[in-house]
Amino acid sequence: QFAELCVNVKAPCAAQEALYHWIWTVSSSTCLASSLLTGLLLDALGPRVCATACTTGVLCGCALIGVHDSSSFNVLLPGMICISVFGPGVQNACVHTSNLFSTRRSTASSMII
């Protein structure tokens, strides 16, 4: 992907790596910032609605990455942002599942996270 950035150089090139680093930085920052928003969503709507909404968002991000083509349909960054925004919501909504395992609560929680 993004081979068109490598002009007269063999791929992978510095321009590709810089773009991937930028996409990773944006999506990582978005993931950290979205934890507060998904926590508010979880408090307001409950774990079932939060998990459903956030899972749908993650699936949309995965679909965008799946149809991504750097030369004709460049949606890698929006796909990564969707996964970064909604991923913590899926995780936060599912943590309460560990309460179902009273004797192994910590184990179950660490397996979910």
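**Exercise 1. Cysteines and bonds**

Task: Find the cysteine sulfur closest to that of C82, and decide whether the two are bonded or too far apart.

Solution: 
- Step 1. Start from the sulfur of C82. Its closest cysteine sulfur belongs to C60, at 6.4 Å.
- Step 2. Apply the cut-off. A disulfide is a pair of cysteine sulfur atoms within 2.5 Å. The sulfurs of C82 and C60 are therefore too far apart for a bond.
- Step 3. Repeat for C50. Its closest cysteine sulfur is in C54, 4.0 Å away, which is also too far for a bond.
- Step 4. Count for the whole structure. There are zero disulfides.

Before going on, note the ground rules. This is a predicted model, in which local features need pLDDT of at least 70 and side-chain atom pairs count only at pLDDT 80 or more, while totals for chains, interfaces and linings use all residues. Residues are numbered from 1 along each chain as its sequence is written, and side-chain values use heavy atoms, with hydrogens and water left out.

**Exercise 2. Buried or exposed?**

Task: Sort C50, C82, S70 and S72 by their cover.

Solution: 
- Step 1. Set the classes. Buried means under 20% relative accessible area, exposed means over 50%, and partly exposed lies in between (1.4 Å probe, protein chains only).
- Step 2. Take the cysteines. C50 has a relative accessible area of 0%, so C50 is buried. C82 has 22%, so C82 is partly exposed.
- Step 3. Take the serines. S70 stands at 12% and counts as buried. S72 stands at 59% and is exposed.
- Step 4. S70 is in the loop between α2 and α3. S72 is found in the loop between α2 and α3 too, and α3 covers 76-94.
- Step 5. S72 and C82 are 10 residues apart in sequence and 20 Å apart in space. S70 and F86 are 16 residues apart in sequence and 24 Å apart in space.

**Exercise 3. Overall build**

Task: Work out which elements the protein has, and why it counts as more spread out than a compact globule.

Solution: 
- Step 1. Count elements. Helices (H or I, at least four residues) and strands (E, at least two) are DSSP runs, numbered from the N terminus. The protein has four helices and zero strands.
- Step 2. Read the order. From the N terminus on, it is α-α-α-α.
- Step 3. Compare with the rule. The radius of gyration of the protein is 18 Å, while the globule rule gives 13 Å for 113 residues. The radius is taken over C-alpha atoms, and the rule is 2.2 Å times the number of residues to the power 0.38. The value is well over the rule, so the protein is more spread out than a compact globule.
- Step 4. Check the extents. The C-alpha trace spans about 60 × 25 × 20 Å along its principal axes.
- Step 5. Check burial. Of the 113 residues, 27% count as buried.

**Exercise 4. L37 on the surface**

Task: Where is L37 found, and is L37 buried or exposed?

Solution: 
- Step 1. Locate L37. It is found in helix α1 (residues 14-45).
- Step 2. Classify L37. Its relative accessible area is 57%, so L37 is exposed.
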